[in-house]
Amino acid sequence: MTDRTQRLSALRREMQIFEMDGFIIPRNDEHQGEYVAASSERLAWISGFTGSAGMAIVLTARAAVFVDGRYTLQAEHEVDGTLFERRHLTETPATDWLADHVTTGMKIAYDPWLHTGASLLRLKQVCEKAGAKLVAAPHNFIDAIWSDRPNAPQEPVRVHPLSYSGQSHVEKLAEIAAQLKAEKQDCMVLTLPDSIAWAFNIRGGDIPCTPVALGFALIHADESADLFMDSAKIDQTVRDHLGSAVRFHEPDQIGAVLDTVAADKKTVRFDGNSALEWIYSRLTKAGAQVVVADDLTLMPKACKNAVEVEGMRTAHRRDGATMVRFLRWLSEQPAGPDINELSVSQKLNSLRREDDLFFDYSFPTISGSAENGAIVHYRVSPETSIPLPENGLYLVDSGGQYQDGTTDITRTIVRGSATPEMKDRFTRVLKGHIALGRARFPKGTTGSQLDVLARLPLWEAGMDYDHGTGHGVGSFLNVHEGPQRISKMPSKVALGVGMVVSNEPGYYKTGGYGIRLENLVCVQPSEGGEREMLAFETLTLCPFDVNGIEKNLLDPHEIDWLNSYHAQVREALSPLLEGDDLTWLIAATQPI
């Protein structure tokens with residue numbers, strides 16, 4: 001009997017003890033973020049699936065794991081098909097699967113600490129239609145049987161200084177309090193670690209790739225706040241920084257504080273997209289007036305101030321110099337078994353670690369050669385790593401968390417020579433990247449209205465890519481930050497000054513190769529015209545591989561943009577480089 005078989009059996013015994021016929025296991029933790037601590041990897045523990053998004057449903061006689069298109073191949077490799085059905089979230093949604101297998105009288109349990117009300121609504125409807133019930137579990141059944149579960153993270157909280165934040169936490173809390181007063185609300189619940197980190201000017205290291213400390217907070221209309229965080233993580237420096245207006249509590253005290261708020265019949269603001277069902281239920285049952293509305297930190301966090309933008313610029317200059325050192329080194333490496341996806345990504349990671357302000361990687365490096373480059377969110381491992389080709393394409397998507405900013409860059413590199421087809425696709429992706437990068441647009445424009453610019457050169461040839469064109473990026477925070485995005489998906493969020501987004505069109509030939517070209521850009525005012533206009537300032541500084549370009553496909557404006565960008569890269573990075581690295585940079589940025 002395998003470990004997974006034993007774990008599944010133990011889970012079903014726990015369900016039986018509490019007379020439950022099923023249990024829902026999401027990948028996320030109590031904070032609904034992209035990354036989770038080892039102690040929250042419940043989906044991986046029960047099923048083996050280690051991707052960043054997914055869900056499992058375990059019934060008494062069957063079970064299934066649901067993943068999206070990014071992870072279908074990974075799920076086939078990691079999940080035992082004799083224990084779990086492997087399902088595509090879009091083709092066979094969890095709600096459809098549940099509808100096929102629940103029957104009258106069944107009770108399907110969930111942990112209210114791991115779900116929002118919105119995420120439960122459709123599941124609840126499916127159960128009710130079948131005569132079953134969706135019910136809150138008395139405790140998390142996985143935690144009850146996970147005997148060697150890692151301890152909750154206790155990385156120290158650190159102050160994020162004014163020299164990087166550009167605005168004190170006192171000013172931030174005052175502005176939030178003023179908005180609460182204006183909307184006749186008494187306080188706001190914060191459950192997102194990045195919202196807490198931004199509002200209080202603190203950072204931490206509780207989860208991979210994101211410098212946040214896990215916890216919860218209440219911000220009040222009187223400019224005070226309650227912070228629920230493990231006291232072992234908070235030293236006197238942090239307490240002095242936050243001051244007397246911030247009250248400290250252990251995380252398990254949140255229920256009692258919410259009860260007190262509710263007993264006073266206060267009006268509590270609650271973000272329905274991220275705040276937990278447990279908190280909502282606790283407040284409403286205790287008598288609070290709950291207003292479901294957006295987290296008030298989202299927009300000011302997204303619209304970086306001048307200090308944060310300058311920090312992003314300086315972080316990208318240093319990161320660009322690191323990328324040049326890496327690309328120069330890579331250009332000298334002959335094909336062979338030692339020059340493979342894993343070893344090359346480790347080289348890049350080691351170069352980033354040399355930066356004095358480096359904190360972590362902003363996400364696990366995507367290092368995809370040949371056919372692996374066609375897997376959009378490929379994660380290299382010793383088992384999957386293949387040598388870089390003598391002739392062909394290599395895609396590397398990587399980034400760093402620096403104390404002054406967050407970076408995310410993708411370059412596709414020609415090894416040896418590229419085929420005419422590869423050059424055609426590479427150039428079309430570049431054309432789309434340039435079209436978006438040089439866009440000028442009126443205030444009030446959303447990312448979904450600009451998305452077509454990046455896709456049109458591919459559409460003209462009957463091609464497309466199946467991911468968004470751009471995601472928001474935080475300032476020494478989440479590399480994937482909302483609410484802004486550039487995507488086919490409709491968005492009501494207008495792009496505003498100070499927002500940082502990625503510009504990353506791509507092309508992927510299954511079984512062949514992948515191409516993605518990504519810079520980060522910052523929304524800035526653009527002078528001239530009858531209306532208030534905006535444009536993108538490119539933050540990322542690194543040459544594109546001109547060996548992938550079919551010049552005849554570029555028009556004069558595109559050639560001018562590329563030559564101007566390369567001149568900017570050369571001017572910005574030359575002072576940070578010397579010797580062979582500088583020589584390589586000068587050659588790589590010559591006009592085409």
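Student: How many cavities of 30 Å³ or more does the count come to?

Tutor: The count comes to 1 cavity of 30 Å³ or more. Keep in mind that this is a predicted model.

Student: What makes that space a cavity and not a pocket?

Tutor: A space is called a cavity because a 1.4 Å probe fits there but cannot get out, whereas a pocket is an open set of points. The largest cavity holds about 30 Å³ of space.

Student: Which residues line the largest cavity?

Tutor: Its lining is made of Val189, Leu190, Thr191, Leu192, Asp271, Ser274, Ala275 and Asp295. By class, 4 of these residues are nonpolar, 2 are polar and 2 are charged.

Student: How much space lies in the second largest pocket?

Tutor: The second largest pocket has about 560 Å³ of space. It is lined by 23 residues, and the closest to its centre are Glu30, His31, Ala152, Phe216 and Pro251. The lining divides into 10 nonpolar, 6 polar and 7 charged residues.

Student: Let's turn to single residues. Why is valine 521 called buried?

Tutor: Its relative accessible area is 2%, and buried means under 20%. The value falls below that cut-off, so valine 521 counts as buried. Its place is in strand E27, residues 519-526.

Student: Which residues is valine 521 in contact with, leaving aside its neighbours within four places in sequence?

Tutor: They are Met499, Val500, Val501, Phe536, Glu537, Thr538 and Leu539. Take Glu537: it is 16 residues from valine 521 along the chain, yet their C-alpha atoms are separated by 5.3 Å.

Student: Proline 525 is in strand E27 too. What makes proline 525 exposed?

Tutor: Here the relative accessible area is 52%, and exposed means over 50%. The value passes that cut-off, so proline 525 is called exposed. Not counting residues up to four places away in sequence, proline 525 touches Val497, Met533 and Leu534.

Student: Now helix H1. How do you know what span is expected for its 15 residues?

Tutor: The expected span is 1.5 Å times one less than the number of residues. For H1, residues 3-17, that gives the expected 21 Å, and the helix reaches 21 Å from its first C-alpha to its last, close to expectation.

Student: Which residues of H1 are buried?

Tutor: Arg7, Leu8, Ala10, Leu11, Glu14 and Met15 are buried. They cover an arc of only 160° around the axis, which puts them on the same side of H1. An α-helix has 3.6 residues a turn, so residues three or four places apart point the same way.

Student: What covers the buried residues of H1?

Tutor: The cover includes strand E1 (22-26), helix H2 (42-47), strand E2 (55-59) and helix H6 (141-145). On the other side of H1, Arg13, Gln16 and Ile17 are exposed.

Student: And what follows H1?

Tutor: Glutamate 19 follows H1, and its phi is positive, near 55°.

Terms used:
Residues are numbered from 1 along each chain as its sequence is written. This is a predicted model: local features need pLDDT of at least 70, side-chain atom pairs count only at pLDDT 80 or more; totals for chains, interfaces and linings use all residues. Side-chain values use heavy atoms; hydrogens and water are left out. Helices (H or I, at least four residues) and strands (E, at least two) are DSSP runs, numbered from the N terminus. Buried means under 20% relative accessible area, exposed over 50%, partly exposed in between (1.4 Å probe, protein chains only). The arc is that of the directions from the helix axis to the C-beta atoms. Contact means heavy atoms within 4.5 Å. On a 1 Å grid over the protein atoms alone, a cavity is a set of points where a 1.4 Å probe fits but cannot get out, and a pocket is an open set with protein on both sides within 12 Å along at least five of seven lines; lining residues have an atom within 4 Å of a point. Grid points are joined across faces, edges and corners, and a volume is the space filled by probe spheres set on the points. Ala, Val, Leu, Ile, Met, Phe, Trp, Tyr, Cys and Pro count as nonpolar, Asp, Glu, Lys and Arg as charged, and the others, Gly among them, as polar.
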